[in-house]
Amino acid sequence: MKSLEDIHRIAVIGAGTMGQGIAQVAAQAGHEVLLYDVSADMLALAQKLIDKNLTKAVELGKLRAEEKEASLQRIRVAHDLTSLQVDLVIEAIVEKLEVKQKLFASLEAINSPETIFASNTSSIPITQIAAGLKHPERVVGMHFFNPAHIMKLVEVISGADTHKSVAQLVADLSLKWGKKPVFAQDAPGFIVNRVARHYYVESLKLVEENVTDFATVDRLLESSGFKMGPFRLMDLIGVDTNFSVTSSMFASFHYEAKFRPSRIQQQKVDAGHHGRKTGKGFYTYE
Ligand code: NAD
C-alpha cells in the first residue's frame with residue numbers, strides 16, 4: 001500500500017465545478033496534476049477559471065505571484081485517458097454509477113494495483129463504485145465541498161473492502177492540504193448529503209405545492225441563519241448535479257417517497273438551466 005510520501009502525481013478526472021477546485025488545491029500543495037475530461041471545452045474553461053481563482057488570491061494578498069505561476073505550471077491537461085499513470089486518482093465526473101465504474105475499470109487496466117482511486121461522489125456508495133474492480137481495497141470516497149478550493153470539510157468514506165491504510169492516507173493528505181477530514185462509513189449520501197437532501201427536497205415541494213415561491217424560501221432560510229437558501233445553493237452546486245444526487249439517493253433508499261426528485265427540478269435540468277455554470281438556474285447570472 002502507498003504511504004503519504006508516495007503521492008506525487010495525481011490525476012483529477014472531470015474538469016467541471018468540483019474537478020477545477022480539486023486540481024487547484026492539489027497543485028497548490030505541490031503535486032503534479034493531470035486534469036482530464038471528455039470535453040476539451042471543459043478543460044479549457046477549467047484552466048481559465050483556476051487562473052482566475054489564483055489571480056484573485058494574489059490580489060487579496062493570500063498568495064505570492066510566483067506561487068500562482070508555479071501552481072499553474074504543475075497542472076497539465078490530458079486529452080488521453082491512457083496517459084494517466086499516477087499515484088492517486090481523484091474522480092469528479094457525472095454522478096452516474098455505471099459511468100464511474102467504467103472509468104475506474106479503464107484506469108485499473110493502466111495503473112499499478114497500488115494506485116489509489118478516490119471518488120468525489122456526493123451520494124453513490126463507494127462499495128458499488130468499487131464492485132467489479134480487481135482491487136476494491138484501494139477505492140475510497142474523498143468528498144470535497146463546493147467550492148473545493150475554499151471549503152475545508154472532506155468526508156473520507158470507506159467501502160466494504162476499502163483498506164484502512166487507504167482511508168487514513170486520504171485523510172492525512174486532506175490534512176496536509178489544509179482541509180478537515182471526517183471519516184464516514186459507506187451509506188447513500190454519507191453524512192452531509194443524507195441530511196441536506198431534505199433541505200432541497202422539502203423546499204422544492206413547497207414551491208411545487210404553491211405554498212410560496214423559491215426566492216421567498218431562500219430569503220426566509222437565509223434570514224433564519226442558513227448561509228445560503230436551498231435554491232441559491234442548488235444553483236451553486238449545479239441543478240443537474242443536485243438532481244442526479246437526489247435521483248441516486250431515491251434509488252439507493254428503495255424509492256422512499258421522502259427522497260423523490262422534484263418535477264420542477266427535472267424541468268430545469270431538461271431546459272439546460274443548470275445554475276451558475278450555465279448562467280441560468282433558479283436565478284439568472286451575468
Ligand atoms: P460537473 O457537471 O460540473 O462536471 C462534471 C465533468 O465531468 C464535466 O466537465 C464532464 O464533461 C466530465 N465527464 C463526464 N463524464 C466523464 C468521463 N467519463 N470521463 C471524464 N470526464 C467526464 O459536475 P460536478 O458538480 O463537478 O460534480 C462532479 C462529481 O462531484 C459528482 O460525482 C458530484 O456528485 C460530486 N460533487 C459535486 C458537488 C457540487 O457542489 N457540484 C459537491 C461535492 C461533490
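The views below show a predicted model, in which local features need pLDDT of at least 70, side-chain atom pairs count only at pLDDT 80 or more, and totals for chains, interfaces and linings use all residues. Residues are numbered from 1 along each chain as its sequence is written.

**View 1. The shell around the ligand.** Of the 30 residues in this shell, Gly14, Gly16, Met18, Ser122 and Asn146 come nearest to the ligand. Two or more residues each are given by helix H1 (17–28), helix H4 (97–110), strand E6 (139–144) and helix H10 (239–252), where helices (H or I, at least four residues) and strands (E, at least two) are DSSP runs numbered from the N terminus. H1 provides the largest share, three residues.

**View 2. The ligand between two domains.** Domain 1 (4–185) and domain 2 (193–278) both contribute to the shell, so the ligand lies between them; the bounds come from an automatic or database domain assignment.

**View 3. Helix H7, residues 192–208.** At 1.5 Å a residue (times one less than the number of residues), the 17 residues of H7 should span 24 Å, and its end C-alpha atoms are 24 Å apart, which agrees. The buried residues of H7 (20 or more other C-beta atoms within 10 Å of their own, all placed from the backbone) are Asn193, Arg197, Tyr200, Val201, Ser203, Leu204 and Val207. They cover an arc of only 165 degrees around the axis, taken from the directions from the helix axis to the C-beta atoms, which puts them on the same side of H7.

How values were computed: A residue is near a molecule or strand if its C-beta atom, placed from the backbone, lies within 6 Å of it. A residue is buried if 20 or more other C-beta atoms lie within 10 Å of its own, exposed if 12 or fewer, and partly exposed in between; C-beta atoms are placed from the backbone.
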